[in-house]
Amino acid sequence: MHEISELILSQLSMSTQKSFKITVALMLVLFLNSFNSVAKTDTDEELTEEFNPTEMIMHHISDSHGWHFFGEGEDAFTLPLPVILWTDEGLTTFMSSAFHHDVEGEHVVESNGQKFVNYHEKIYVLDEGEEALKFDEKTHAALNANRPFDLSITKNVASMLLSALLLILLFVGLAKHYKKSKNAPKGFKNILETLVVFVRDEIAKPQIGEKKYLKYMPFLLTVFFFIWISNLMGLLPGAANVTGNISITIALGLFTLVLILVNANKDYWQHVVWMPGIPTFVKPILAIVEILGVFIKPIALMIRLFANITAGHIIILSLIGLIFILETAGVAAISVPFALFITVLELLVAFLQAFIFTMLSALFIGMAVQEHEHH
Amino acid sequence: MDLITPEYGLFVWQVVVLIILIFLLTKFAWKPVMKAVGEREASINDALASAEKAKEEMANLKADNEKMLQQARAERDEMLKEAQEMKKSIISEATEDANDKAERILEKAQITIESEKKQALSEIKSQVAELSVQIAESVVKKQLDDKKEQMNLVNKMLDDVKLN
């Protein structure tokens with residue numbers, strides 16, 4: 001394992017982009033190290049219970065109330081995160097460590113006079129007088145509990161806040177550079193500037209047009225860099241799968257939809273509702289298609305991002321899970337290089353998906369604000 | 001199924017974080033960055049345009065210089081030509097003048113010669129007259145001596161005159 005990481009490092013050292021190299025190397029080293037620890041604990045566990053790849057994968061790509069790094073059960077090292085709940089009684093907060101790593105709904109936490117359990121990272125508030133969570137066998141619906149409005153700082157929220165903080169640090173730092181000098185920045189800041197110019201010249205200007213692009217630049221830049229940074233952070237071992245979570249991508253897609261709906265001009269609505277230049281009897285049919293299209297566009301955006309990122313994570317986890325499914329260490333010789341290859345590919349996908357999301361958002365906004373030439 | 005079931009809490013957080021992020025980054029990052037990048041691009045374009053302009057001016061200047069040089073050359077040629085012509089005309093004029101003067105001098109000389117001649121002739125005439133008078137005198141004196149001798153003398157004298 002050490003040899004592999006060294007080989008990778010030596011190959012990467014030939015790359016000219018110093019900061020990029022450091023990021024990649026750091027990521028790979030962390031990845032391989034954490035893989036070590038995961039491997040150890042999982043093989044220990046294997047003795048007592050059967051390895052369930054689905055559960056393992058789902059655990060890694062789903063959101064959780066604590067930030068789990070390594071270890072299992074009571075020995076696990078998990079960063080406790082605040083749980084914020086809005087119940088019928090009002091706001092309740094406590095740390096996720098109060099559950100003592102329990103996700104089976106067994107450990108009851110009392111707070112603000114109410115009883116809470118964590119069942120598969122979903123928090124339920126037990127009905128009055130109940131002591132334990134009961135489930136309907138068939139429907140899996142909780143019988144004696146309901147879900148409060150969960151505003152907890154989950155692993156994803158924490159990671160999202162971290163991304164946001166990183167973005168602010170990076171770009172406010174870049175902005176500060178211009179206060180000192182008018183010249184182009186050097187090193188990593190130059191990469192950032194190049195990307196800003198890339199978003200402007202390759203995404204905003206061609207899709208929205210010279211006249212109107214400036215208004216949408218803050219949104220496009222923020223979304224582009226947020227997705228990109230979150231994607232990259234998601235590749236770090238132990239990190240949250242932010243952009244591979246449907247709730248996140250729904251929110252991102254919704255921003256695009258709102259921008260389209262708010263800024264669309266008369267021309268756009270006319271083309272949606274009553275398309276000019278076609279036979280009248282086709283117009284109502286096309287109107288249905290077009291109206292559906294207005295909503296399908298951002299939905300496609302949100303599914304594309306979610307599916308691409310999640311799929312990448314699932315592939316990497318599956319390849320590593322293969323070692324434990326086949327119960328042979330030898331499989332590692334094949335699955336680790338494969339996982340590594342996919343991880344490197346994911347670095348590209350991280351950028352590509354950020355680009356595609358921003359690009360298509362710009363395209364849809366551009367379509368909505370475009371001045372049509374009437375023939 | 002959990003994978004594609006949205007969590008409202010997470011959704012709300014994402015919306016709130018993104019709104020705050022857009023607001024903060026727009027104010028503290030995007031605006032200054034875009035402004036600085038735009039300004040730099042404008043200054044680069046300006047610099048390029050002015051360089052192009054300078055190049056054009058240089059070319060113009062060069063063309064002007066060439067033109068001036070050509071003009072100067074033409075002027076010099078003209079001046080040389082004029083000088084040549086002037087030289088020729090001066091020479092011809094001088095020759096003419098000299099000829100004229102020579103002619104006039106000759107004319108004057110002729111006139112002088114003529115008048116000198118006339119004067120000499122009149123002088124001769126007066127001398128002849130004087131001589132005649134003298135001859136006559138001596139003749140008259142000799143007449144008194146010999147008639148024959150007188151005649152000889154007269155003849156001799158006349159012969160002398162004729163010879164002159």
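Tutor: In this predicted model, the crossing of α6(A) and α10(A) is right-handed, that is, the near helix is turned clockwise from the far one by less than a right angle. Local features here need pLDDT of at least 70 and side-chain atom pairs pLDDT 80 or more, whereas totals for chains, interfaces and linings use all residues. Residues are numbered from 1 along each chain as its sequence is written, with chains lettered from A and ligands numbered from 1 in the order in which they are written.

The axes (lines fitted to C-alpha atoms over the stretch in contact, with angles from 0 to 180 degrees between N-to-C directions) of α6(A) and α10(A), the latter spanning residues 332-369, come within 9 Å and cross at roughly 160°. That angle makes α6(A) roughly antiparallel to α10(A), a term for angles over 145 degrees.

Where they are in contact (C-beta atoms, placed from the backbone, within 7 Å), α6(A) contributes residues including A:Tyr216, A:Phe224, A:Trp228 and A:Leu235, while α10(A) supplies, among them, A:Glu346, A:Phe351, A:Phe357 and A:Ile365. By class, the residues of this contact divide into 15 nonpolar, five polar and one charged, with Ala, Val, Leu, Ile, Met, Phe, Trp, Tyr, Cys and Pro counted as nonpolar, Asp, Glu, Lys and Arg as charged, and the others, Gly among them, as polar.

Turning to the partner chain, the contact takes 37 residues from chain A and 28 residues from chain B.

Key:
Two residues are in contact if their C-beta atoms, placed from the backbone, lie within 7 Å. Helices (H or I, at least four residues) and strands (E, at least two) are DSSP runs, numbered from the N terminus. Angles under 35 degrees count as roughly parallel, over 145 as roughly antiparallel, 65 to 115 as roughly perpendicular and the rest as oblique.
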